[in-house]
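Visitor: Hi! Could you walk me through what I'm looking at?
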Amino acid sequence: MNKKILKCLSLGVLFSLLSLGNLKSLCKIYPTLGSDNQALLLWKYAAGIGLLPIKDIFYPYGLLSYYSGQNVIFGLIYFLITPALFLCIFLTFQKLFKDKLFTIASFIVFFLFITIITGFETFTRYGSITALSILFAYIFYSNKNKSQKIIIALGVLGGIIVPLINDVGIYALVIFVSFSVSNKLLRSKFRLQASQLVSLLKELVLFILGYLLGLVPFFIYLAFTQSLSGFIPYLISISELAQFAKTAFFHSIFTADNLFTLTILMIAIIRLCYKFFFGDKKASFATYLQIGLIIVLLLLEQKSIIRLIDMQLTFIGLLLLLTLLYELKLSLQKYGVSKFIVFIYFINISIIILFVIGLHPSDKFMNQYPTPGRIISAVKIFRNKSCVEDNMKFIISKNKQLPGIKKQLYSRKNFNKKVFTFPGEPIFYIMFGQKPPYYPTIYEATPIKAQKELITYIQKENIDVILYNVKTRSIQDEVPDTVRGRLLYEYIRSNYSVERKVGNYLIFIKNRNK
Amino acid sequence: MKLKKAIAKKAGIYIFLLSLLTAVNLINSNIIIGKILLVFVFFLVLLPLTYIIFISRHKNIIVPTVLFILFLLGAFALSFRKLRDVMPDPAVNAETSIGYAQYFGYPLYLDSIIFFILIISPVLFFTFIKLIQKSKPPVKKIK
């Protein structure tokens, strides 16, 4: 076997072993009953009872994570993404540093950063976009005249990713276009000729053709599952998300995570601009890598401007910082500073980033490491599909109100075992084993059209009981749910009346005279 | 050559100080002292970069650029409330989705516009400097 392939394989096995802790992502036991956790659990339940995303339930993250706890193949792919990403990062460092000591040290720092700060789950999600951008950087850097086949293949890859991880697939298109334009500008030394413009257009057309080709299996799936008609309304819902999910960005800019990422982003932009305006204009692999990481960060910062994801982006900031440190290392060595001192400088910076500046860990450090219990429970998920049941047992043992409400409702005459919850506690749909509404909570159903759909659900499913948690004034962003979901709330108030209160819950019963 | 020797000579002292400060920072548990130490750590970490900038031939470009961006940041920070009030609130009617921006009257695109201006500012500043450089007549060398 080829030496390079053998090396990649052994590294792949090593990284798989190091990522074993990520198996816990396949079945998380949610410690609290927050609306986000409930929605996540509901989606696991929905996948378990055979509901289809897009058609039966609103799920904006893609098929891969939706089925990762249900289907062995999807679960395996989901798990293997993490070691594949680590491998990609390792090979990138190797190509960038061309120095064993710095490659290994940088990778160790990066791995520690993922385990201590980012967490495997976040890394798998946002690392995929980063890895895609690194791949584009590598191809654009190494292939001056890319063959049509490569461009189409990249397009197909982007298209195939869309159904699996929605946002990554869509970002792939934007990243390619940005890279294509940047590449032509770099190669022409910022003096684009007409022929290069034509070649740029040709490149983009080929990529889009490939992209559409990659989307074909997705459309076949949609047609096969009769979800095609729901796809356009689903896309509209996604586009409306930005309107109602937008929160203030600059009010929360002074977190260590935000400052870390944004400062590095700004330094990298200044560095690149300086290079292109006043420097040698020669683009190295580090230049392409920096362009790729800047594009990814700019895209994800747009998402963060809508809804803060500062903790999730720090690892991309770290990658960008490592490319900048590499250039600083070259400069320092040029001035006669010894390799040993540069290395100690690097170690100091790593320690400061990991332990001193106060970045917030998005998951517990100990959660990232594999324990026999975690591995066994991951295997059990696929054998018994008991993730939702295990969660329910845990939640009910912690929350004594839930069995009380169940008992109360079961004692009612003609109770059809169906409820609706406002503002949104999807746990009840799981508890009563019913088909949930398309939107799990009022947050996802903020658009008026979505609220109308929930009203249709209530009518169609003949729901007599509505559970209203009076303790929850606002499930997200401090916007009162009665304002966010005004249409639905008005419908409930005019068609249902309060019968009694159990714990924090008002039990609304359908008015019979109407 | 002299500069190279001087840097190589002082690098040892520098790395010793940095390592010492990092170690103290790791051991320290007092929050206030920690913050003061952090300022020194940042200063020391950025020292090599600052030094390289100051001995480079383009320090007259980089330093004003950084100052310009800091000025922009300050200007935005000071005028943020005014800008927020000047920008139109998101429209609300019977068919509008009510989220944070609509409920609290927060302009939808203000953050994006400020972010865009900050990101594009180095490009604009460098273009400005290039134009100034081009407009200056070339200096004739005396034979």
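Guide: Happy to; we'll chat about a helix contact and then some rings. This is a predicted model, where local features need pLDDT of at least 70, side-chain atom pairs count only at pLDDT 80 or more, and totals for chains, interfaces and linings use all residues. Residues are numbered from 1 along each chain as its sequence is written, chains are lettered from A and ligands numbered from 1 in the order in which they are written, and side-chain values use heavy atoms, leaving out hydrogens and water.

Visitor: Which residues of helix 13 of chain A meet helix 2 of chain B?
Guide: Leu328(A), Ser331(A) and Leu332(A) meet Pro48(B), Leu49(B) and Ile52(B) there. Contact means heavy atoms within 4.5 Å, and helices are DSSP runs (H or I, at least four residues) numbered from the N terminus.

Visitor: Switching to rings: how many aromatic pairs are there over all chains?
Guide: The structure holds 70. Rings of Phe, Tyr and Trp (its six-membered ring) pair if their centres lie within 6.5 Å; planes under 30 degrees apart are stacked, over 60 edge-to-face and the rest tilted. One of the pairs is Tyr274(A) with Phe278(A), tilted, at 6.1 Å centre to centre and 40° between the planes.

Visitor: Why are Tyr274(A) and Phe278(A) separated by about one helical turn?
Guide: Because they are four residues apart in helix 11 (residues 256-278) of chain A.

Visitor: And are Tyr274(A) and Phe278(A) buried or exposed?
Guide: Both are buried, where buried means under 20% relative accessible area, exposed over 50% and partly exposed in between (1.4 Å probe, protein chains only). Phe97(A) and Phe102(A) are buried too.

Visitor: What sits over the ring of Phe102(A)?
Guide: The charged end of Lys329(A), 4.5 Å from the ring centre. That label needs NZ of Lys or CZ of Arg within 6 Å of the ring centre and within 35 degrees of the ring normal.

Methods. Helices (H or I, at least four residues) and strands (E, at least two) are DSSP runs, numbered from the N terminus.
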